[in-house]
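Please keep the sequence and the structure in view while working through them.

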Amino acid sequence: MAAIRAGYFVTSEEQSGGTSSSGHLRVLTLSALASHLISDTSSILMTLIAYRIGASWLRRSKSLDLADVSQNPTPRQYGLLLRLMGSSSVLAVAEGCFYAIRSKKRSRLPRMFQEALSFAVLVWVLSRLFGLVDLWLHSTSSFSLEYVPTVQTSGAHRFGVAFNNSLCADLSAKYPEDYVDDFPGFPCSAAYVDFVRLEYWGNDLGFMVMTNSTNAPFSVVTMKDGVLVAVPGPSVELGDYTFTATTFAAHASCDSINQVCRQDQQGITVNCTSAGYPELPYVFSLDDGFKVTNTSEVKNRIFGVVDGRMMCREVGSTEVKAVTTNPTTMAMQLRWGPPEQGMNPTKGTHSPGAVELTELAIDTYPMPTLYASCSVSYLEAVIRWDGSNGTWSLLNTTLASQQLTATLWLPVVWQFATEQLASNLMNVARTRPREEAMVVLNQQLARLAVGSAAGFFEPTPAIAVSYLVQTLLGRYPVGPIMALLALLLLYAILALTICFVSLWEKDEIIVAPSDAIFGEGVHVGEPSALSLAQRWLVTPMPLVGSAFPQEDGRDPKRSVAAWAMCSAQDGGEKDGRLMIGVKNEGFGVVSLRHRHRSSEES
C-alpha cells in the first residue's frame, strides 16, 4: 500500500557481495524475460489451439450430414488457418482479419475458422500489449545511488549525552567535610559546587567545548527555535550512522535594559532599579567590598537571580547555594574598550550599514557597556542525526528538573563563561543595532550555558541506530508493474484454458502399413489421427508430402517422408495415412487407407 501511495516500488539492485557501483536491474530483467517468453510461447499456444480446430475438422469430416460437412473450411480458408496456426505473425493475423471482414467477397465463415481467428487475435494482442507495457516500464524506471539504513546494535554506539551521576559519590568521598553543606532537599549540591570550584579537569572540559576545540568530547549546535544542543564532539566519527539520542540543551531570551537604567548628566549609567536590578551597575572594590564606588571599574559579570536577588557576584560566593527555578533568570553587565579606528559605529564616520548610537544596545560612554536581563531555560532534549545528509534535528524538549538546573547553571553564574561571552559579543554589540545584538546574545549565552556544563556530561548509548550503506536503488512506477502483472495473469488464464481444452479432445490411433524405410513387416504406430490433423494445420510439410509422393521418396535424404512431422507416407496413394481433400461434397480431412479398405470391402 505504501508503494501504491508513493507511486513507485523501490528495490535494491546490489549484486550479492558486490559494490555500490554495479548491480542487476532485476525487475527490468524479469519484465524483458517475461516479454520474450510470451512472444515465444504465443506460437506454441496456436499449435495447441490447432488440436481443438483439428478435432472439430475430423468430426465434421467423418459426418455423413451435409450440414456438418459444409462447416469445414474452404481451401482458401485452410490456407489462412495454416498461416494463423503456424506463425500467428502480425501479417497472418492481419490477413485473416481482412478476409473475415470482407463479407461480400468471401465464402461463409465456419465456426472453427472464427474460433481460430479469435484465439489468434487474442494471443497476438496480449503479447504485443505486454511488449508495449514492458517498453513503458523501461522508459519510466529510474535508478540512483542512495544511502539505505541497516539496523545496528544500539548499545555499542555512545552518541548520546547524559549527566554523569558518578560525580556525586566521587566528590562526596573526596570532599567529605563539605557534605553537610548540601542544600535541603537537594543532595549532592555541595559536591557539584566543589566540582565547579575545585576540579580543574571538569572546567577544562567546559572550556574546550566553549572554544570549539577539536579535542572536545562534545560540541554545541544550533537547532530550531534558537535551541542550543550538546552533541558528540569533532573527534567522534558519526559517519553514515543514523540514530536518535538524548542530550541537554538551553534556550535564552535576553533584552537590553540600558535604555531603562538611570543615567547621570554625563550619560553614565548609575542605577538600574527601574529595570528591577538595583545592584546594577556592580563594581567590586577591595576596600569597600561589594559597594559601588566607581562605575568606571565595572567588571564583566553574569549574575544568577533568585527571588529578586543577584547571586554569585564573585567566584566563591556562598550565595551560589540558592536554588533557582527553571527557566532561570540572569542579569549581566559586559564592558569593552572603544572600537578601534575604522570601527566607529556612527553613520557619519562609518561605511554604509552603520547605525546611530541611539540604535545600539549599549552605552558608549565612558566605555561601551551592556546591561541585560535574560531568561535561560535548561532542557532535556531528544535529537536525531541523519547520516545521509549530515544534519541534526531536534525531536523533543522538556524542562530539566529544578535540581538538575541548579547544577547545570553553576559554571555560568560562577563566571566561567563570562569572558568568553564578552569576547563573542564584542563586535556585534559595539557596531550593530539592538535587535541584532540581542539575537547574537541569545545564541551565545545558550551556547555557553550548555558548553560550560560539559564537565557534568558523559556519553550514553544512542537508540534506533542504523548504518547508512550507499546502495543502488531502482524505482519502478506502480502503473506499468500492475499492468504487467494483470497481463501475465490474463495470459496465464488463456494458456491454461487452451491447454485444458486441447487435452480434452478425443484421440484415435492410426496404424500405418509397412514401409521399406522402416523394414519389411514393420507397422509404424502413428501418435493419433488428431495429432496428424494438427500437423496439417500448423505446418505445410504434410501438404508437400502428399503433393510429391512418388519418386522423391527413393532418396531418403531428400524425401519428405523421412521427417517425423510428415503425415503422408511416400510411395503411393495406397500408403497415405491422413490428408485433406474432397469428401462427401465437402473439403475436409480424409484417411486414404480407410477409404481404400471401404472400397475393397464393397
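Predicted model: local features only at pLDDT ≥ 70, side-chain atom pairs only at ≥ 80, totals over all residues.

Residues are numbered from 1 along each chain as its sequence is written, and side-chain values use heavy atoms, with hydrogens and water left out.

**Exercise 1. Overview**

Task: State how many helices and strands the protein has, and what share of its residues is buried.

Solution. Step 1: the protein has 17 helices and 17 strands; helices (H or I, at least four residues) and strands (E, at least two) are DSSP runs, numbered from the N terminus. Step 2: of the 602 residues, 47% are buried, where buried means under 20% relative accessible area, exposed over 50%, and partly exposed in between (1.4 Å probe, protein chains only).

**Exercise 2. The nonpolar cores**

Task: Identify the residues with the most contacts inside the largest nonpolar core, and the helix that gives the most to this core.

Solution. Step 1: a nonpolar core is a set of buried Ala, Val, Leu, Ile, Met, Phe, Trp, Tyr and Cys residues joined through side-chain atoms within 4.5 Å. Step 2: the largest one has 66 residues, and Leu 370, Leu 441, Phe 456 and Phe 457 have the most contacts inside it. Step 3: helix H13 (residues 434-451) gives the most to this core, with eight residues. Step 4: a second, separate core has 42 residues, including Tyr 78 and Val 538. Step 5: leaving aside residues up to four places away in sequence, the residues that Leu 370 touches include Trp 336, Met 438 and Leu 441; contact means heavy atoms within 4.5 Å.

**Exercise 3. Strand E9 and its partners**

Task: Determine how many residues of E9 are buried, and with which strands E9 pairs.

Solution. Step 1: strand E9 covers residues 301-306, and six of its six residues are buried. Step 2: in a regular strand the side chains alternate between the two faces of the sheet. Step 3: in E9, Arg 301, Phe 303 and Val 305 point one way, while Ile 302, Gly 304 and Val 306 point the other way. Step 4: two strands pair if DSSP finds at least two bridges between them. Step 5: E9 runs antiparallel to strand E11 (residues 328-335), with five bridges, and Thr 329 in E11 is the bridge partner of Val 305. Step 6: E9 is also antiparallel to strand E10 (residues 309-311), over three bridges, with Val 306 opposite Arg 309. Step 7: two residues lie between the strands in the hairpin of E9 and E10, where Asp 307 takes a positive phi near 55°.
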